[in-house]
Amino acid sequence: MEASITLKKVGKLIGDKTILAGLSFGVERGSIVAIVGVNDTGKSTLLKLLSGFENPDYGQVFIHGLDMEKRRRETRSLIGYVPNENDLDPWLTLEQNIRFTANLYQVDEKIASERIAKYAKPLGLVPYFNNFAMNVSHGTQKKTMLVRELIHDPDVIMLDEPTGYMDAESIRLTWDLLKELKREKTIIYVSNALAEIEQAHDRILVFHEGRIFMDGHLDKLLESTLNYHQFQVEFDYLSDDLYKKLTQVATVVSPNRLDNIFHFYGRTRNVFFDVIRTASDELMVDLNVKKLGLRDLLDSEFAARGLD
Amino acid sequence: MIYALLMRRIWLWKNRLISSFFLLLVLPFSVYSLVSLSFKNIMGKSLSGMPYEFWVIPGLVFIISSLGLYPLIYRDFFDLRIHRKVLINVALAPYRKRALIGGYLCVAGLEALMLGIVSLLIMSGLATYPLTMIETVVMFLCLMVYLFFLGNYFITLGLAIDTQTTLFLMTALSFIFILFGNGYLIEFGFFPIGVETFLTWQPLSIPFRIFQVYFRTGIMDWALLTGCIVLGILWTLANTIILKRKLIH
């Protein structure tokens, strides 16, 4: 598929600190890409670079093959950027905020009205249209910011925490719209809502210290942990001897404890029975088994050294 | 760009219609009452022998336009900027930064000019109107150049300063300077020679001085006016650089 966004050895420094270190990757048209990582790893900075809000210190960013630095005006028309924080004009109504951006991008009034109807209605925004931006909830502001960016019909939408501050219903409506948009637009977003990311992505970029630590679909990312399961056994009393005995079970991986809870990973579910067998004389209070997900992948311990 | 910014100003007016109109009417009336009615008893006549209450009217128009211009620039380049609103969104639109600064200047200048026109109409009802039609046109021409300068000055302040307390102090200082250091209320001839020379050649006072020379002698200094416009353009470009730096940090 054709590349929508291409980064070639893009780097960003703030003072002496490297925020982004020689990033090179491409994003296909019509795909939805999630960027995740712990705080201050450069995710939002990357989004700012891609949106044209900031320039890289070195390297190049291409949008639809156009160099962002050399073809600034053309590339900016192709991008819609929804920042994390509310940046609406507080003394304008929601509709005026959207129409202001439509006027900035010279969108015909009739077309703007059609797009407002197309995007604002599904998000349930219309009843709030005459309210000042400062008088509506953060979630409503965020949805307005999304519609505002869609008003000039950009090919690429970049969102920093797309569902930040939203209630459950708004989150659902927003993702319904974004998934609908995915057919015609490239969507890149930064989020800490891992459950949402698991549901909505073609690709996940896991960031760590300004570099892409992992890149791919969740299933692919979890390949390294294939068949790994996470187990928890809560004992009535987990003595040091018992803990030591359990950690010595050959098939147990990355064991640790929290009070009376024994926590470990295993490649197959049989590991669980090995542990149960070893501790069969002890009183067990609770058991928990789950397949690994994105959260586990991002666990700092996990990221640092993996499971093996 | 200008259309979008202009429409936004119209919406903001519409959203605050009563308070906006109240200020539009009260501001010239208050300034005229508090300044002209008292100063005419102190000054009596200008250095050229004209009754002070007539002489001061163009200066009051400049002052009222300055007062009208400030909140517009403050709002966009300081208040909304430090609260990370609007400006970033506008800056990401496909326009050059100088077009952005120029657009804001144009729209804010236009609104301040309208305020000047309305205030002149109000004051001409309160006192005998001292200017001919041509003098009025020249005054508004000089006022436009002045607003171009002043707008740039306010933008520099709004962009360069990041804390409210500093900005308020600088604003207070600026308005003392605008009121008393531009020859609007007190002619430069009343100041000691050194101060007079400085005030005469500081950029913000030049447009009004051009008008005063025309008012007294009928001679228009086009070269100086053109120089002012060139300086204003350079100032706009300097503001473009400041804006770029501020948006990044």
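This is a predicted model: local features need pLDDT of at least 70, side-chain atom pairs count only at pLDDT 80 or more; totals for chains, interfaces and linings use all residues.
View 1. In chain A, 71% of the contacts with a separation of 6 or more link residues 24 or more positions apart. Chain A contains 308 residues, and 38% of them count as buried. Its secondary structure comprises 12 helices and 14 strands. Along the principal axes, the C-alpha atoms of chain A fill a box of roughly 75 × 45 × 35 Å.

**View 2. The side of chain B that touches chain A.** Here 18 residues of chain B are in contact with 22 residues of chain A. Two elements of chain B give two or more residues each to this side: helix 1 (2-15) and helix 4 (87-91). Helix 1 of chain B supplies the largest share, seven residues. By class, this side of chain B has 13 nonpolar, two polar and three charged residues.

**View 3. Packing of helix 6 and helix 9 in chain B.** Helix 6 of chain B spans residues 133-160, and helix 9 of chain B spans residues 206-217. Their axes lie 8 Å apart, at an angle of about 165°. That angle is over 145 degrees, so the two helices of chain B are roughly antiparallel. Helix 6 of chain B passes helix 9 of chain B in a right-handed crossing.

**View 4. Residues at the contact of helix 6 with helix 9 in chain B.** Helix 6 of chain B brings Glu135(B), Val138(B), Met139(B), Cys142(B), Val145(B), Tyr146(B) and Phe149(B). They meet Pro207(B), Phe208(B), Ile210(B), Phe211(B), Tyr214(B) and Phe215(B) in helix 9 of chain B. The residues of this contact divide into 12 nonpolar, no polar and one charged.

Definitions and conventions. Residues are numbered from 1 along each chain as its sequence is written. Chains are lettered from A and ligands numbered from 1 in the order in which they are written. Axes are lines fitted to C-alpha atoms, for helices over the stretch in contact, and angles run from 0 to 180 degrees between N-to-C directions. Helices (H or I, at least four residues) and strands (E, at least two) are DSSP runs, numbered from the N terminus. Angles under 35 degrees count as roughly parallel, over 145 as roughly antiparallel, 65 to 115 as roughly perpendicular and the rest as oblique. A crossing is left-handed if the near helix is turned anticlockwise from the far one by less than a right angle, and right-handed if clockwise. Two residues are in contact if their C-beta atoms, placed from the backbone, lie within 7 Å. Ala, Val, Leu, Ile, Met, Phe, Trp, Tyr, Cys and Pro count as nonpolar, Asp, Glu, Lys and Arg as charged, and the others, Gly among them, as polar. A residue is buried if 20 or more other C-beta atoms lie within 10 Å of its own, exposed if 12 or fewer, and partly exposed in between; C-beta atoms are placed from the backbone.
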